[in-house]
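I set out to record what I looked up in this structure, entry by entry. The entries run from the whole chain to single residues.

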Amino acid sequence: MLLGERFLSYNGEVLLFQLSKPKHVEGAADKTINLCVRRMVFNRDTKRFVQKSYGVFSMCASHLKIEIICCSCTMDSRTGIILPCILMKKQKHNNVVKYFLLLLHSSNQFEQSFHFELDYELKEDIRLFTGPSVLWRHANKLFYISSNTCTVLSAPVQLSSVVWTGEIENEGTVVLGVRAACLSESEDEFSTSDRAIWGSEFFGYAIETQKMLTVTCFMPHAYSRVVSSVYVCKNAILKNQLQISLVAITHKNQLIWFQDGLPKGVCELPYEKPCSVKTAVTSTNDMLFVVSFASGNVCVVQRDSLQVASKWQKVKSVLVDDFIGSGSEQLLLLFKDDSNTDMLSSFEITDLGEVNYASDVNYKHDAPAAEGLQENGLLTVQALETRLQAGCTSVRELQQHLGLKKRVILQSCRALIDLVEERTHILPSAKEVKCRRDYRSLLNSAKPFEGLVSLWDDVENPPHSLSKETSSSSNVPEHFMKKLWQRVLDDSLVVGVKLTESFYLSLSDVSLSLVLDQDFSSISPVIKCQNKIIKLNKAFSALSVSSGQIEPPPKKMKMDLHSKNDVKKEFPKICSRVQLDRAKTVIAVTSLSPLLAFHRVCCIVLLHAKKQKRRNDSLQESKKITVLCGKFFLSLEDISSGKYAVKMLRDNSYCTGSVEDILAVLAVSFRFSFQIVSSDCTLTPVNSWLLGEMECTPFKECHDNIFCHKAGNMYGTIFNWTLKNPFEGVLTLFCRNLTVLFQCLHSLTRVLPPTCDVRLLRFGSKGVLTQELAMALEKEMLTLRSSFFSKESKVVNSLMWGNEPSKKTSDAPVASLLDSEEGVRQFRKKLQDEREECVLSMNQTMNGALYRETALKVAEAQLSSDMIVWRLS
């Protein structure tokens, strides 16, 4: 006689546990009950479940009642193997209930792990977990017992429900439950709605360590009133922070997806009273949420869209496993069927995709279709093989193309080095390239004679253009550079070039390039670096700007719409003023670790600029030049000995860092400016904070800026504190990263008055940027006007041919011309000429060189004004 049954999936098998009495034999007392297990597997040929093996566990029952409480797959801590576990109950006399836990091994042998007795029955939140262990809730208390202790233990928490039990990284087994909130203030201060929300809260309890956990990374406490069950999909430790992804079902018939404690989406469920949720990962790597309801209904929700993908009714049990052996999970739905005693007679296996098997489908008639599918599959494989071969051919051609580009770049870099060092660079001939081509490329390439050849004719002498560029690069002052220096800060290499005044005043758009002097065939010799211009005036107002960014002219231009000569006179004044504000030191910053991989390297420093020349005694023209600044060697020994380290020492309350050290720190630092306004009291605490808590000392060369000597991350930060009035000031910080910035601001807010307003200035004060925008727009209008004036002058000159002095028709009276036939003919010819001149003036064309020059000037002016507008926004 069948007394009870349970279903459990294990390694693709369906375990059917049945509790029954053996057949009665006359003369024998009925004192045993059998726990039978049937291992059922799915046969893909017959599309039916067949029995694989069978096992029996006999128990002495006498007249006591035995039940199956629950079953689950948990890990045996002795071996680390996951085994099926069954929790059994045996009712005794005197209201004593005995519980025992059974383990099922692969040989279908049952093992009793442990047993315990209680004076009450387990009814609420019963869970099986690693050990094996049993956890339950009784009288709002949490109890658990494991195979290691065999003693019932109680957790020091009061709870109203358990929503999840599982493993959390670095914490072991964790219980997530709901308990009454511990409100620190009296209940009278809370409204009815507040008590309804904050009357309960989530809690986390680690079983092994017996400690409480912070659960804000799971869900907000406001959901504790409605959540009934939770399934944690993923948990990991990232940067010492617990990352949690979970799905929860609520009493409001909703499914909510949470990521790191925040709700990311919600789905309205189609039925009422959801009781459990589990996940399934299909063959397409899609995660499905399988929700079971108390009424026997089941629905599936897709994680990506959080939409109900499918639903079923009258479901007896739903299992998730790889039942067909495809390597992914499927859903096994067991339906209620009163007409058939076989428990696996009515089922459906599906992954909501290609896999779909049902017990009520006759698959015998599908044989011809299967043969057709096999033939189509063969044709599909052949087509895929053809596409794969074509793809491999495209990959080989792409590799050959990339190899050619790499060789072109390396050859161009060698030519650049020879050009700067005034050496004659001999380009390889086509014959030499063919001799040096790679043998492997010859075998694989469809073009065996592909290689690098000269773009000019193969002649013995070097090209004329190359020698011309070489001579142009040497036409620079011999002593243009005062100093070439290097500094190392953390993982950054800083290279600076200090120019002489006579040289840098004639340059614009200055930048540096770093080139490896060694011949590395595998890498490009040009080092990727970031160029900066550091300007230090007497007040040490340090500005870090990109070398390609041109500052707007500080002098306001006056426009004269009637005289283009006045416009020409304004240009030399503007350019000279910009040159005077140019920096004397050009800096390049690059990553240090890639260079140290070669242990010892030699780098060439090149300076690129536009050399300005006067034209027509007023305007200027620019010519791009490249100047060799020198070489420097870098090795691990020098770095380890601190040869290029920045030295900022204290000397009589001053910082004795050199100018190069200061420039290096500024080059690798991020600049932030904050406007601090206090309406109630003065800002004297800022100075005390800088000199006291931050342990800052002013630079010996410039006292307005101070260097932070405080140990820790804030060491090396440079501050500039400028007071506009006792109630308003600007604090500028030069720090290595954002973490240092936040630490400084956190320390500053503790000493500032509460009424202070601290505002970030992105690129300077609004008034200064507004003035710069006005000057930039003025320059843009002037550029357009000068271009139109040059075009207008050409149009006027082209129309002078119609006004020849020999013709006197314009001086004659109109009435006299109309008196005779010859006069009418002359008047008609005069009108025709004027009409042609008018059409010609309205349809003037512009040659390509003039158009490119005009477009470049207009674009540069518009770029400058657009940059300032962005800084103002």
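**Conventions.** I worked from a predicted model, in which local features need pLDDT of at least 70, side-chain atom pairs count only at pLDDT 80 or more, and totals for chains, interfaces and linings use all residues. Residues are numbered from 1 along each chain as its sequence is written, and side-chain values use heavy atoms, with hydrogens and water left out.

**Whole chain.** I found 16 helices and 43 strands in the chain; these are DSSP runs numbered from the N terminus, helices being H or I with at least four residues and strands E with at least two. Of its 873 residues, 40% count as buried (buried is under 20% relative accessible area, exposed over 50%, partly exposed in between, with a 1.4 Å probe and protein chains only). The accessible surface is about 49800 Å², and carbon and sulfur atoms hold 53% of this (Shrake-Rupley method, 1.4 Å probe; for residues, only the protein chains shown count as cover). I also looked up contacts (heavy atoms within 4.5 Å): among those with a separation of 6 or more, 53% join residues 24 or more positions apart.

**Helix H12.** I noted that H12 (residues 738-749) has 12 residues and spans 16 Å from first to last C-alpha, close to the 16 Å expected at 1.5 Å a residue (the expected span is 1.5 Å times one less than the number of residues). Its buried residues are Val-740, Leu-741, Cys-744, Ser-747 and Leu-748.

**His-709.** I placed His-709 in the loop between strand S40 (705-708) and S41. His-709 is buried, at 12% relative accessibility. Its side chain makes a polar contact of 2.8 Å with the side chain of Thr-697 (a pair of N or O atoms within 3.5 Å; within protein, one must be able to donate a hydrogen and the other to accept it, and residues adjacent in sequence count only if both atoms are side-chain atoms). Beyond four places in sequence, the residues that His-709 touches include Met-648, Cys-655 and Tyr-715.

**Aromatic pairs.** Rings of Phe, Tyr and Trp (its six-membered ring) pair if their centres lie within 6.5 Å; planes under 30 degrees apart count as stacked, over 60 as edge-to-face and the rest as tilted. I counted 15 aromatic pairs by this rule. Tyr-223 and Phe-258 are edge-to-face, because their ring centres are 5.1 Å apart and their planes stand at 90°. Tyr-223 lies in the loop between strand S16 (211-213) and strand S17 (227-238) and Phe-258 in strand S19 (residues 254-259), so the pair ties together parts 35 residues apart in sequence. Tyr-223 is partly exposed at 22%, whereas Phe-258 is buried at 0%. Tyr-99, Phe-114, Phe-116, Trp-136 and Phe-143 form one aromatic cluster.

**Val-96.** I located Val-96 in the loop between strand S6 (82-91) and strand S7 (97-104). Its C-alpha is 6.0 Å from that of Leu-118, 22 residues away along the chain.

**Ser-593.** Ser-593 belongs to helix H8 (residues 593-596) and is partly exposed at 38% relative accessible area.
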